[in-house]
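Biologist: Before we discuss this chain, could you put the model up, so that we can go through its overall form and its helices together?

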Amino acid sequence: MRALARELSWFFIAILLAAPIAYFFGFYLMNLEPEGPTLTKNEEVFYMELFIIGGILGFICTYFIRVIIWAVTKYLIVE
């Protein structure tokens, strides 16, 4: 039961960390600006697609870092 609770906590942490990473990915990293004074429908859809892609990448990267930390603690840190 403890392992399930730990996995659920990591899942929720990954979701929480994915939102700021998605925002950073879509708006600061890509540095996109609208053509005119307001966004067109196509640009709104594109921004949303970038936000979703950034969220997925943030979620995957959080779990990847978790695997790296697990490997370091299991194989390099000898108790």
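Biologist: What radius of gyration does the chain have, beside that of a compact globule of 79 residues?

Modeller: Bear in mind that this is a predicted model. A compact globule of 79 residues would come out near 12 Å, and the C-alpha trace here spans about 60 × 25 × 10 Å along its principal axes. Against that globule value, the radius of gyration of the chain is 18 Å.

Biologist: How many helices and strands are there in the chain?

Modeller: One of the helices is α2, which runs over residues 41–76, and α1 covers 2–29. The count for the chain is zero strands and two helices.

Biologist: What distance does α2 reach from its first C-alpha to its last?

Modeller: Helix α2 has 36 residues, for which a span of 52 Å is expected at 1.5 Å a residue.

Biologist: Which helix is included in what covers the buried residues of α2?

Modeller: Buried here means under 20% relative accessible area, and in α2 this applies to E43, Y47, L50, G54, G55, G58 and T62. In the chain, 73% of the contacts with a separation of 6 or more are between residues 24 or more positions apart. The cover of those buried α2 residues includes α1.

Biologist: How far apart do the centres of the positive and negative side chains lie?

Modeller: The two sets consist of 5 positive and 7 negative side chains. Their centres are separated by 23 Å.

Definitions and conventions. Residues are numbered from 1 along each chain as its sequence is written. This is a predicted model: local features need pLDDT of at least 70, side-chain atom pairs count only at pLDDT 80 or more; totals for chains, interfaces and linings use all residues. Side-chain values use heavy atoms; hydrogens and water are left out. Helices (H or I, at least four residues) and strands (E, at least two) are DSSP runs, numbered from the N terminus. The radius of gyration is taken over C-alpha atoms; the globule rule is 2.2 Å times the number of residues to the power 0.38. Contact means heavy atoms within 4.5 Å. Lys and Arg count as positive and Asp and Glu as negative; His and the chain ends are not counted. The place of a charge is taken as NZ of Lys, CZ of Arg, CG of Asp or CD of Glu. The expected span of a helix is 1.5 Å times one less than its number of residues. Buried means under 20% relative accessible area, exposed over 50%, partly exposed in between (1.4 Å probe, protein chains only).
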